[in-house]
Amino acid sequence: MTDTDFTTRKAQASQWFSDLRDRIVAAFEDLEDRGPGSAAPGRFEVTPTTRTGPAGEDHGGGKMSVMRGGRVFEKVGVNISTVWGELAPRAQKAMAARGVPGMEQDPRFWASGISLVAHMQNPHTPAVHMNTRMFWTPSAWWFGGGADLNPCIEYAEDTAHFHAQMQGACDAHDAEYYPRFKAWADEYFFVPHRGRARGVGGIFYDDLNTGDWEADFAFTRSVGAAFLPAFVPVTERRLGTPSSEADRDTQLIHRGLYAEYNLVYDRGTKFGLETGHNADAVLMSLPPLAKWP
């Protein structure tokens, strides 16, 4: 594949992530308008992010969109970025260890994606994470992403609905994807030092390169498009559920588990900090409040 082909395909992927961001932001603000209480509905604060090279040159950036203190969302971030440059030595070694070819000879990279984490006001409404991304180097390209649900108080029907939407996105492309990527999520989102998962799972995939860029991009679009149908009905179902102080305590303790995972194990957090991306955007996933027993 020529560099010109990849220039076009990079632009297509970057635009898709941006469009998905716009749809999610609009849907979440609509939820805020319909949320309980008399307080003003929450709105996203949008901040541009930039990445600069060693000499101050432009290495891309994106948008950090964060809503705090809403009727439905206590804190939610929807970030997009398209960045490029050269990987630092530690990041090169990490990529090479994952089997990415050519990193020692040519450390250039390009990456684009959307990343979302929502922490909810009502303890009965689950937190959620979603991201999809494309990564390119001169010797390789791949897609990755997924979505997982993180309730502190689980409802079986919510878990079943979320997984059904993720399975539908997978089955439309390959019947083997859902069982494979569900198992990958169960492994990836496990917190070893606590001996438990951080939530009820979903799907996770990385290094997806079947050799057919169009097919892999179509699958990644399906995963992104499935997010709102997977999450919004679950949120709507729990908007009016009464909660107690004990429920809030359970929520804050669960958020502590979430924070531990993201700071210690999450690959995206490590990569974002290693490559010099905006630290506030990278750490957007952390909850606004948490506690430990």
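A residue is called buried when its relative accessible area is under 20%, exposed when over 50%, and partly exposed in between (1.4 Å probe, protein chains only). By that definition, Glu236 is partly exposed, with a relative accessible area of 35%. The structure is a predicted model, in which local features need pLDDT of at least 70, side-chain atom pairs count only at pLDDT 80 or more, and totals for chains, interfaces and linings use all residues. Residues are numbered from 1 along each chain as its sequence is written, and side-chain values use heavy atoms, with hydrogens and water left out.

**Strands and hairpins**

- Helices (H or I, at least four residues) and strands (E, at least two) are DSSP runs, numbered from the N terminus.
- Two strands are said to pair if DSSP finds at least two bridges between them.
- Strand 1 (residues 45-52) pairs with strand 2 (residues 58-68) in the antiparallel sense, over 7 bridges; Thr47 has Met64 in strand 2 as its bridge partner.
- The hairpin of strand 1 and strand 2 has 5 residues between the strands, and Gly56 there takes a positive phi near 85 degrees.
- Strand 2 also runs antiparallel to strand 3 (residues 73-86), to which 9 bridges join it; Gly60 stands opposite Val83 in strand 3.
- In the hairpin of strand 2 and strand 3, with 4 residues between the strands, Gly69 takes a positive phi near 65 degrees.

**Salt bridges**

- A salt bridge is a side-chain nitrogen of Lys or Arg within 4 Å of a carboxyl oxygen of Asp or Glu; by this rule there are 17 salt bridges.
- Arg43 forms a salt bridge with Glu29, with the closest N and O atoms 3.8 Å apart. Arg43 lies in the loop between helix 1 (3-33) and strand 1 and Glu29 lies in helix 1, so this pair ties together parts that are 14 residues apart in sequence.
- Glu29 is buried, with a relative accessible area of 19%, whereas Arg43 is partly exposed, at 40%.
- Arg43 also meets Asp33 in a salt bridge (2.7 Å, N to O). This pair links the loop between helix 1 and strand 1, which holds Arg43, to Asp33 in helix 1, 10 residues apart.
- The side chains of Arg34 and Glu236 form a further salt bridge (3.0 Å, N to O). Arg34 is in the loop between helix 1 and strand 1 and Glu236 is in helix 5 (residues 213-238), 202 residues apart.

**Nonpolar cores**

- A nonpolar core is a set of buried Ala, Val, Leu, Ile, Met, Phe, Trp, Tyr and Cys residues joined through side-chain atoms within 4.5 Å.
- The largest such core has 51 residues, of which Ile24, Phe28, Phe73, Met134 and Phe227 touch the most other members.
- Contact means heavy atoms within 4.5 Å. Leaving aside residues up to four places away in sequence, Phe227 touches Ile24, Phe28, Leu116, Val128, Met130 and Met166.

**Helix 2**

- In helix 2 (residues 89-97), the buried residues are Ala91, Gln92 and Met95. Seen down the helix axis, these residues fall within an arc of 105 degrees, so they line one face of helix 2. The arc is that of the directions from the helix axis to the C-beta atoms.
- Pro89, Arg90, Lys93 and Ala97 are exposed on the other side of helix 2.
- Just after helix 2, Gly99 takes a positive phi of about 95 degrees.
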